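These are my notebook entries on one protein chain, written while I had its sequence and its 3D structure side by side. I wanted to look up surface, pairs and helices, one after the other.

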Amino acid sequence: MGEVEISYGQELVEVINKLHGMKRRSKGFGELSQMEGMILFYLDHNLSEENTLGIKVSLITKDLDIPKPTTSKVLNSLEERGYILRKIDRSDRRVTYISVTEEGYAYIKKIRDIRDQYVIDLMSKLGEHDAKELIRIIDKLYRIVTGEQE
């Protein structure tokens, strides 16, 4: 690997670190912590009309790869805010299902609207050419990292 590749690699790492630092400082989920927002949006993405019970707590823990105590703490907070409901399975009381309340869906919509406007503003500042190029490069990087493109 030549000096040029190493230099570009270092620049990329620095830029990614800057972006990561922005995430920690941002209030991307408003009043919610990053973990609360992540779980609420996970629920929204994974719940379906046919799934009237909700999603098992164990599946949330597994899919998001977070410790059970963390999941429990975050779900308690979301429940206190009125964003989720817990339902205990009558046939197996060890199983708890989580669903999103109307208040939770309203909050998700509010955050999505804020995020969408933020992205529109960013793309506008980049300009059409740079915005398309950024999307193309990020997509290409994704395909390289996931092995979809060699």
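Predicted model: local features only at pLDDT ≥ 70, side-chain atom pairs only at ≥ 80, totals over all residues.

**Entry 1, surface.** I began with a nonpolar surface patch of about 260 Å², which is made by Tyr118, Val119 and Leu122. I noted that patches are made of residues with over 30% relative accessible area and no salt bridge, where like charges are joined within 9 Å and nonpolar side chains (Val, Leu, Ile, Met, Phe, Trp, Tyr) within 5 Å. The accessible areas come from the Shrake-Rupley method with a 1.4 Å probe, and for residues only the protein chains shown count as cover. Val119 belongs to helix α5, and with a relative accessible area of 37% Val119 is partly exposed. For these words I wrote down that buried means under 20% relative accessible area, exposed over 50%, and partly exposed in between (1.4 Å probe, protein chains only).

Residues are numbered from 1 along each chain as its sequence is written, and side-chain values use heavy atoms, with hydrogens and water left out. The mean pLDDT (the predictor's confidence in each residue, from 0 to 100) is 88 for the protein, and 91% of its residues reach 70 or more. Helices (H or I, at least four residues) and strands (E, at least two) are DSSP runs, numbered from the N terminus.

How many aromatic pairs does the structure hold? I found one: Tyr83 and Tyr107 are stacked, 5.0 Å centre to centre, with 25° between the planes. The pair ties together parts that are 24 residues apart in sequence, because Tyr83 lies in the loop between α4 (68-80) and β2 (84-88) and Tyr107 in helix α5 (residues 102-126). Rings of Phe, Tyr and Trp (its six-membered ring) pair if their centres lie within 6.5 Å, and planes under 30 degrees apart count as stacked, over 60 as edge-to-face and the rest as tilted. Tyr83 is buried at 8% relative accessible area, and Tyr107 is buried at 6%.

I looked up 10 salt bridges in the structure, each being a side-chain nitrogen of Lys or Arg within 4 Å of a carboxyl oxygen of Asp or Glu. One of them joins Arg81 and Glu36 (3.8 Å, N to O). This pair ties together parts that are 45 residues apart in sequence, since Arg81 lies in the loop between α4 and β2 and Glu36 in helix α2 (residues 34-46). Is Glu36 buried or exposed? Glu36 is buried, with a relative accessible area of 7%, whereas Arg81 is partly exposed at 32%. A network of salt bridges links Glu31, Glu36 and Arg81.

Lys109 and Asp113 meet in a salt bridge of 2.8 Å, N to O, and, being four residues apart in helix α5, they are separated by about one helical turn. In helix α6, Glu133 and Arg136 lie three residues apart, and their side chains meet at 2.7 Å, N to O. An α-helix has 3.6 residues a turn, so residues three or four places apart point the same way.
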